[in-house]
Each structure stands twice: as structure tokens, then as C-alpha cells.
Amino acid sequence: MRFKYAASVLPIRVMCSGRVSPHLLLKAFQEGADGVLVAGCHIGECHYGKGNYLTAKRVAVMKELLRFIGLSANRLRLEWIATSEANKFARVVNEFSEEVYKMGPSPLGKSIQGAVR
Amino acid sequence: MKSGVKEKIREEAGRLIEGKEVFGVLACKNSSGHPLPHLFKGADECQDLVSEAEGRYPLTKVLLKIARKHPQAVLGIVVRGCEERSLIELFKNHQLPAERVKMIGVACSEEMARRCRCAQPYPSGTGESERVKPAEDFSDLKEVEKLPEQERFQFWMNQFGKCIKCYGCRNICPACFCTSCTLEEPSLIKPGEMPPEIPIFHLHKAYHMADRCIDCGLCEQACPMGIPVRRLYRKVRQSVKDLFGYLPGEKEEEKGPLEFLGDGSYELPGTGK
């Protein structure tokens with residue numbers, strides 16, 4: 001079965017959601033991403049043991065930081081999606097891209113950033 | 001510092017040096033009327049030992065440098081509340097073994113506490129009588145938080161845009177002890193750009209501060225452009241406290257929540273359905 005999901009998404013594969021350092025999230029926003037979705041394995045099902053425990057903590061702190069500097073915290077989202085949950089993946093990606101679309105372009109997007117600098 | 005207290009500290013420092021318990025005592029020395037960091041090695045020198053009430057210095061950072069140069073030496077240091085907290089963070093992060101540091105505590109005056117908005121203007125060793133009331137206040141955070149989202153973003157972008165990338169906030173930070181730094185990583189921050197890539201230049205540091213910042217305020221005092229970076233670090237410090245109930249610099253045996261994997265008991269509300 002092949003599920004269709006929003007074409008505006010650029011998937012970046014990493015071995016574990018624990019690999020997603022907060023610096024990478026920040027870099028994505030700086031490069032002009034309107035939203036960043038972190039999809040990891042469910043808590044307790046980490047292939048590497050406990051990688052996703054750290055992800056949950058990191059994303060929570062990062063959301064607070066983004067909210068504080070005036071980037072909507074909703075632009076960053078964490079979801080637990082297992083390998084076998086292809087339909088959940090498609091659904092979450094569609095939902096999230098819809099949500100981000102409603103929020104409009106990120107104020108860090110290239111064209112706007114040019115004006116700020 | 002009251003004169004009686006000052007005498008006591010000089011005496012204590014002299015005793016440590018004379019008893020050969022330490023290689024030297026790090027404190028401020030009166031140099032033509034200015035307090036400057038100095039490693040006191042002789043007991044007679046201690047007459048010049050003064051408080052750093054007027055000019056603040058990252059004494060623990062200096063201590064770390066000396067300790068790295070002399071890997072066997074036991075060092076004495078005159079600490080205030082914030083410096084003790086930063087030492088605890090250094091011990092916790094294995095930068096310095098606790099046995100190698102002998103602390104002489106000194107409480108701050110009420111005026112100093114107010115100026116720093118300090119939550120704990122005294123180290124744990126000081127007597128009840130010397131302690132002054134904490135002057136913690138979050139009006140600076142609230143001022144930013146009550147702005148609407150777009151204005152908040154503009155506010156921070158205008159502030160960050162002033163950055164001249166001098167790395168002053170990092171160099172002075174007593175919690176920044178790494179020998180290689182994210183802020184100098186070309187794949188994350190493009191080198192040779194002025195101002196640096198904002199806002200992530202400051203956010204990278206802010207995230208690092210999340211479970212390390214001891215809220216001493218040296219960063220903001222060091223910033224030549226007057227960027228209110230302390231607010232950013234206070235915010236993440238506060239969010240770590242709200243989310244995980246952890247405050248850096250308090251207990252030596254408690255690890256920062258972002259330093260270890262944990263037991264999975266922390267999960268974001270609304271996910272994992």
C-alpha cells in the first residue's frame with residue numbers, strides 16, 4: 001500500500017530520533033523551514049535502547065525557547081511513529097503541513113530575512 | 001564587604017597558604033585602587049585581598065584555567081553565591097575534582113544582590129547573620145513575554161542584529177568549559193559573517209545553557225553591544241525548572257536532565273497516542 005502525503009515535505013532520514021540534535025532543529029529554521037517535524041519510535045520501543053527519551057526532553061525545551069523569541073512553538077512538532085505505522089506517518093505529515101500552511105511562512109524565511117538584516 | 005568579614009577572609013586565606021594546604025588562593029587583589037583577579041601564594045600578600053564588589057570577574061573560569069595548567073595542585077578560591085554554583089556545575093561535569101578546590105565563602109551585600117537580581121546571594125558556607133535577602137525578580141522576562149508574538153520576534157531580531165560576534169558572552173561564562181565550541185562549528189554557523197547567522201547563533205548558546213546556566217549575569221555585563229542575553233538564558237533555565245524540576249548549581253549529585261537519557265517518565269503531553 002502506498003500512502004500519499006504532502007509534497008512540501010523534505011524528509012531527512014536519521015538512524016534514531018536521538019540523533020536529532022537541537023542544533024539541527026535550529027539550523028532547519030535558519031535555512032527557512034516553515035515547520036519541523038521530528039518523528040521517532042514510540043517510547044519504550046527504541047531500537048537503540050533509550051534514544052527517544054532524550055528527544056522528548058530536548059524538543060520540550062526547544063519549544064519553550066522558540067516561543068520566547070517569537071517563533072511559534074507550533075512550528076516544531078514531535079510525534080511517535082513506528083516503522084509499521086505508515087498510515088499514521090502520512091496522516092501526521094498531512095495534518096502538520098496543513099497547520100503550518102495556515103500559520104503562513106516563517107519569519108526566518110529567506111525573503112523576509114533579507115529585510116531584517 | 002564589612003571590614004570584620006574582610007579580616008576573616010584574609011586570615012582564612014593566609015591560614016590555607018601557610019598550612020601548605022593549597023597551591024594558592026584565587027581572589028581579587030587591590031591594584032592601585034582596582035580589584036583584579038590574583039593568585040595569592042604568600043601569606044603576607046593577603047593584606048591586599050579585597051572583594052570584587054565594583055568589578056566582577058569570572059573567577060571560577062580563571063580557576064579552571066589554572067587548574068588545567070597545574071593538574072596536581074589544590075587551589076583555594078574566595079567564592080560568592082554565583083561562583084559556588086558555577087563550581088558545583090564544574091564538579092558535576094567532571095571538569096574539576098571537588099577535592100582540588102577549597103572554598104572560602106563570602107556573602108554579597110544587599111545592593112549587589114539587587115543589582116544582579118540574584119536568587120541566592122550567598123554561598124552555602126556563610127553564617128545566617130551575613131546573609132542578605134535574595135532579590136530574584138523576573139520582571140525582565142515578563143516584559144518580553146507579554147509582547148505579541150510578532151513584536152517579540154522583532155525585538156529579538158533587532159537585539160541579535162547588534163551582535164559583533166566577539167564571543168564575549170561565551171568566553172566569560174563560568175558554565176562554558178568545552179574546549180571546542182558549537183559556535184565555531186562552520187557547518188552550523190557560517191564563518192566570516194557579520195552579524196552572525198541570527199537568531200540561531202544566540203539560540204545555540206541558549207540551548208546549551210538550558211541545564212547549565214547558574215544565572216550569574218556575567219554574559220550581559222560582558223556584552224559590548226548591550227544585547228540582553230541573560231534573559232534568554234534565564235528563560236531556558238526557568239523552563240528546565242518548570243519541565244523537569246531541576247535548577248543548575250544546586251545539588252552536586254543531581255545531573256542535568258539533558259545530560260542523560262533518563263527512564264522515559266518524561267513524555268510530551270498529547271503525543272504517543
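## Two domains in chain B

The centres of domain 1 and domain 2 of chain B, taken over C-alpha atoms, lie 27 Å apart. This is a predicted model, in which local features need pLDDT of at least 70, side-chain atom pairs count only at pLDDT 80 or more, and totals for chains, interfaces and linings use all residues. Residues are numbered from 1 along each chain as its sequence is written, while chains are lettered from A and ligands numbered from 1 in the order in which they are written.

Domain 1 of chain B covers 3–130 and domain 2 covers 139–244. These bounds come from an automatic or database domain assignment.

## Where the domains touch

In chain B, 14 residues of domain 1 are in contact with 11 residues of domain 2. Contact means that the C-beta atoms of two residues, placed from the backbone, lie within 7 Å. On the domain 1 side, α2 and α3 of chain B are the elements that give two or more residues. α3(B) gives the most, with five residues. Helices here are DSSP runs (H or I, at least four residues), as are strands (E, at least two), numbered from the N terminus.

By class, this domain 1 side has six nonpolar, four polar and four charged residues. Nonpolar covers Ala, Val, Leu, Ile, Met, Phe, Trp, Tyr, Cys and Pro; charged covers Asp, Glu, Lys and Arg; the others, Gly among them, are polar.

## Helices α2 and α3 of chain B

Helix α2 (residues 59–69) and helix α3 (residues 81–92) of chain B pack at an angle of about 40 degrees, with their axes 9 Å apart. Axes are lines fitted to C-alpha atoms, for helices over the stretch in contact, and angles run from 0 to 180 degrees between N-to-C directions. α2(B) and α3(B) are therefore oblique to each other. Angles under 35 degrees count as roughly parallel, over 145 as roughly antiparallel, 65 to 115 as roughly perpendicular and the rest as oblique.

From α2(B), B:L59, B:T60 and B:L64 meet B:E83, B:S86, B:L87 and B:L90 in α3(B). The contact has four nonpolar residues, two polar and one charged.

## A buried tyrosine

B:Y122 sits in the loop between α4 (110–116) and α5 (139–145) of chain B. B:Y122 counts as buried because it has 21 C-beta neighbours inside 10 Å. Beyond its neighbours within four places in sequence, B:Y122 is in contact with B:G81, B:A107, B:C108, B:E130 and B:R131.

## Chain A against chain B

Between the chains, 30 residues of chain A are in contact with 31 residues of chain B. α2(A) provides the largest share of the chain A side, 13 residues.

Conventions: Buried ≥ 20, exposed ≤ 12 C-beta atoms within 10 Å, placed from the backbone.
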